Amino acid sequence: PPSRKAIEEAREASLDTPLILLVGAFLFLFVGAELSFGNWIYTYARASGIGSVTSSAYLTSFFWGALTLGRLFSIPIATRFKISDILLADLLCGIASVSLVLLFPGSTAVVWAGTFLTGFAFASVFPTMFSLASANMAVTGKVSGWLLFGSGAGGMVLPWIIGQLFESVGPQVTIQAILIDIILTMVVFLAILVVLRRRRLAREALSLQPAGSGSQE
């Protein structure tokens, strides 16, 4: 039987680089949006004058509480719906809820509602994307390491960018940057779906090809 090293080398040789890059870009962007919202919503609320020190702190807890609640609900949902449909719904809800906060920045009720919906929508995105990746490519230890590196980098880059622009542009840059980021996440997700659909159609076409129908010279 082949050794463990030989098996690992075979898996590394069959790495799906385009899909790895797309999934890595997705995680980079999404984690950036998630951590930016969680880390900056307090400062945004205080600078915008829509919350006191105490209520703004509760707003942060509200976001992470909604995210935790969303992950509990995601368990039964994952058994009833397709992975791609769950991700699409999560991202659309995330875009809608962040847009809500952006459109009504002076409304305390809207900011609280938007914060809850954002946390709830973001809850299952990260683990569900890993499930989608695992179902469509070989996720080796090396691949997992690169994907986690990409997500970790995303969790640093966007919060840092917001910090650089917060004073000069104003508190609204927080929500604007997060919205742009999550829209880009959606674009990358759609690109992933296109790649997977093309491959599925190619496999179906190949399976329908009669045996021995290859070209002969």
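**Exercise 1. In which helix is the place of Phe116?**

Phe116 belongs to helix α5. Helices here are DSSP runs of H or I with at least four residues, strands are E runs of at least two, and numbering goes from the N terminus.

Before going on, note that this is a predicted model, where local features need pLDDT of at least 70, side-chain atom pairs count only at pLDDT 80 or more, and totals for chains, interfaces and linings use all residues. Residues are numbered from 1 along each chain as its sequence is written, and side-chain values use heavy atoms, with hydrogens and water left out.

**Exercise 2. Get an overview of the chain and its confidence.**

Step 1: count the elements. The protein chain has eight helices and zero strands.

Step 2: check burial. Of the 217 residues in the protein chain, 39% are buried; buried means under 20% relative accessible area, exposed over 50%, and partly exposed in between (1.4 Å probe, protein chains only).

Step 3: look at the contacts, meaning heavy atoms within 4.5 Å. Take those between residues at least 6 apart in sequence, and 81% of them join residues at least 24 apart.

Step 4: check the pLDDT, the predictor's confidence in each residue from 0 to 100. The chain's mean pLDDT is 87, with 89% of residues at 70 or more. Residues 6-13 have pLDDT below 50, and this stretch has seven contacts in the model beyond near neighbours in sequence. Where pLDDT is low, the predicted coordinates should not be read in detail.

**Exercise 3. Describe the setting of Ser97 in its helix.**

Step 1: Ser97 is in helix α4, which covers residues 83-103.

Step 2: test the helix length. The expected span is 1.5 Å times one less than the number of residues. For the 21 residues of α4 that gives 30 Å, and the end C-alpha atoms are 30 Å apart, so the two agree.

Step 3: check burial. With a relative accessible area of 2%, Ser97 is buried. Other buried residues of α4 include Gly94, Ile95 and Val98. The buried residues of this helix pack against α2, α3, α5, α6 and α8.

Step 4: find the polar partners. A polar contact is a pair of N or O atoms within 3.5 Å; within protein, one must be able to donate a hydrogen and the other to accept it, and residues adjacent in sequence count only if both atoms are side-chain atoms. The side chain of Ser97 reaches the backbone oxygen of Gly94 at 3.0 Å, and a 2.9 Å polar contact joins it to the side chain of Thr118.

Step 5: Setting aside residues within four places in sequence, Ser97 contacts Gly114, Leu117 and Thr118.

**Exercise 4. Find the salt bridge and say what it connects.**

Step 1: apply the rule, a side-chain nitrogen of Lys or Arg within 4 Å of a carboxyl oxygen of Asp or Glu.

Step 2: name the partners. Glu34 and Arg71 meet through their side chains at 3.9 Å, N to O. Glu34 is in helix α2 and Arg71 in helix α3, so the bridge ties together parts 37 residues apart in sequence.

Step 3: compare accessibility. Glu34, at 8%, is buried, whereas Arg71, at 37%, is partly exposed.
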